[in-house]
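Let's take a walk through this one together.

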Amino acid sequence: MNNLKAHFLQHTRAYVIVGAAGGTIVVGLACLAFVLFRLILPARPTPIFTPTSTPTLIATPEATSCTQPPMPVAPPATFNTSETTTTVVTALPGRAGDPLPFLEIPFPYDGGNENFGGTDAQFRRASQRVSMGGRIISFFDHQYPLYPSPKARAVTAGREPGDSPIGDRVLTFDGTASAYDNYSGHPAYDFSPFVPRTNTTPVFAAADGLIHYAGVHAASGAYYIQIKHTVVGVGDFLTIYWHLNPDQIFEATRSRVGQPIAAGTRIATMDNTGWSTGTHLHFEVRFDRNRDGQFTGDETIDPYGFTPSAAYPVDPWGVPQSFVDALGQPYHHAASISWYLWKHPLGVTVQVPPDGGGAINLSISPVATTTTSITPTANPLACAPQGSLPPGGFVNWSMSPDPRPTLDQAGTGNSHVLSVFNPQGQPVTHFDPPIEIEIPFDQTDLANVDPNTLIIYRSDADKEEWTPLPTRLDLQKRVAFALTDRPGRFGLFGKPTRDLVPPTTDIQLDGVTAPDGGFYDKVTVTLISTDTSGIKQIEYSIDGGNTWVTYTHPFTLTPNGIPAPLPDDAGETFGGGPGRFLVLAMATDGAGNVEEPPAYRSIVIDPSKAPTPTLTATPTATPTRRPPTRTPTPTATPTQVPISFFAKPNPIVTGACTILRWDVDNVKTVRLDKEGVTGHSQREVCLYETTVFVLNVKLNDDTLRAVPLTVTVNLIPKSTDDVPPPPPTNLQPNTDGQLACTQKVTLTWDPSSDPSGIIRYDWYVAAAPNFRVISGGVVASGSTAGLTAKATVECGSTYVWAVRAIDGAGNTGVYSQPAYLPLAPP
């Protein structure tokens, strides 16, 4: 076995650490089989670059340049600006999202960690993937940004359908499908901090607006801020900033809820609060399409807009559609068209003139009408000869993030996407004569590539294969030229001068499972990292990236309670709470490349799934042997067991409570959904949307019966009340002195009053010294249990807790003043 292992590791450069540091390394058959599988079918696809020839170098400075006049910028879309109806955007066929520039990236990106804003070039650099020196960790998924596919290994909630390729790919803003980006169903952008794993990066207001909300997400404990921005003639937008640090800057912002704020004002600090995978900023934008003031998840949009391609001529999220979601529920989606919202230009949509040709330059202003000459080396340029394009059609020419590097090719940060549509909105897939692509570059773009190996590659929007184009280089003017007879992505790549490929880690689990595949007892975690430069170090975290431990051998996760159902607004539900674990892993290779973002895996351990022991009766006497008697075999009659399962009242209104009641006799087991219950019982549930409950009964003859029950939740009619309710008072316990040692504490408060009534209360508990939220929840005002909550705490620790009210009109009040909860040592 040792010889086999040594031979295998030598040829695959796979490094598996499963013993103590300095001890013997043993590779199990399961790990070996997994790595073999990875060699056959990689888990994360790698871009494929076809072998290239040497580019042609232009020695003279008089390089070919485009002499065609620029094509005119396409006219903007039209808006229905009625104050009483849904805002309608009439998107012309084959066009990218129209520019509506009012946002700035809400963190420093000019090379330091202090300033708000930067140059166009710095903005484009920040808009690259982290692996290519940018700040984007995860993209907005235009397929179904509903968080996320059931196949997503790190996230355990969401509504995105799981059918391939929906659940396997991210459709990014440049109209291309990616099988390796994080992560399917994402409704926002995750941006990296200035220094990895540190909470020092400022967060700014992305535009002028009104502080809409600042507080703690009750389900996960994430600190977040919402700012509302009104664009005259269009409507209201909401920017959302997640996983923030609960520092004095955040508290100062929270004290200003309802007040105006200027763009660039510091509102918080990047951190890792809530169910997260490490320090980062989750930045989300929503547009109040129906003008009801609610900013629902269905109204999420991409601030980078969407550039249609031949493979995806229409933004799937930008058209109405109906489907069955991952929860098995019908989902009806109205069109959510994404404008391009950033102040810095990233692309342009032009209209083809009658002669079918012209120049397309990214320096063209969104409202420019000039026909002056263009300097080709100033900005990326596409030059179309007369007759190559359909008159009256549209051309989209925009920056596109570089793909991940390989050992043979790496980008220079100068990739672009070109798509063309005829006036009827049908994609053009062939140019005759060909179009010239001109891509400029500067010295900083060549920090990691050999300039003499630069090649322009082209790739189709739905593929990861890149094909080289015959390329001419002018190294003096620093511009590359190539001809293309079809649209696609175009990147300027070169041979890396050093290893740029980070390692990859796979997180392997081993534990006993229930019939449905879920774990119910201890789970052993093994980390497998691979890289051609060898693995220098593997680190892991089981507390959401707050602390990291050097990996030396497999470790075990132990059950810590029965997991509660996830709320519908779980958002980034990576882990947290009883029964839910998040394992992060980050490897460093021999060349110093760090795995970023880290590998991650969400694990659920549900002890209630453990099988019930079967008792075998021991006979107490030997039966007397008698002659057999022939008795006719009766015909089996199906077992008829009456099952009563109902809710009273039913239907209810949003936030109200009802009682589920069930009665069944003479059966083996009864489960309410997946939870074991007695045959005669009831349960109070407080709901915010129509929900289907299932009573699963196993009869004595092992027949299974499933009895569904639908509790209908009707929306509360929209009210003219726009005043939030006051915060609750008389929070108990609340003391400066120490309370008796306990592991469970009951929280109580007096009700708030509001003309629209109170439908629920949100509460949270935070622990000293940093007062990080450790638990929280929701209490419906109509609950028969009263205004109480149960919190798990530890003796000898100090906590604060607070609660807020939400009224019947949907207005959310501010949190109460924190109540103090110090516990005596055991």
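Predicted model: local features only at pLDDT ≥ 70, side-chain atom pairs only at ≥ 80, totals over all residues.

To find Arg 804, go to strand S55, which covers residues 798-807. What does the side chain of Arg 804 make a polar contact with? The partner is the side chain of Asp 762, at 2.9 Å.

Now let's turn to the sheets. Strands of a sheet pair through backbone hydrogen bonds, and they can do this in a parallel or an antiparallel way. Start with an open sheet of 3 strands, in the order S41-S43-S46, where the pairing is antiparallel. Strand S41 (644-648) and strand S46 (680-686) are at its edges; each has a single partner strand, so one side of each is left without a neighbour in the sheet. Going from one strand to the next, the twist averages 15°. Zoom in on S41 and strand S43 (residues 657-663): the two run antiparallel and are joined by 5 bridges. One spot to look at is Phe 645, whose bridge partner in S43 is Trp 662.

Next comes an open sheet of 4 strands. Read across it and you get S45-S44-S47-S48, again with antiparallel pairing. Which strands stand at the edges here? They are strand S45 (675-677) and strand S48 (704-711), and because each has a single partner strand, one side of each is left without a neighbour in the sheet. Ignoring direction, neighbouring strands of this sheet are turned by 30° against each other on average. Follow strand S47 (residues 691-699) and you'll see that 8 bridges join it to S48, with the two running antiparallel. Along the way, Val 694 stands opposite Pro 708 in S48.

Finally, let's look at the empty space inside. Rolling a probe the size of a water molecule over the atoms shows where such space is left.

Key: Residues numbered from 1 in each chain as written. Heavy atoms only, no water. Pairing = 2+ DSSP bridges. Axes fitted to C-alpha atoms, helices over the stretch in contact; angles between N-to-C directions. Polar contact = N/O pair within 3.5 Å; in protein donor to acceptor, adjacent residues only side chain to side chain.
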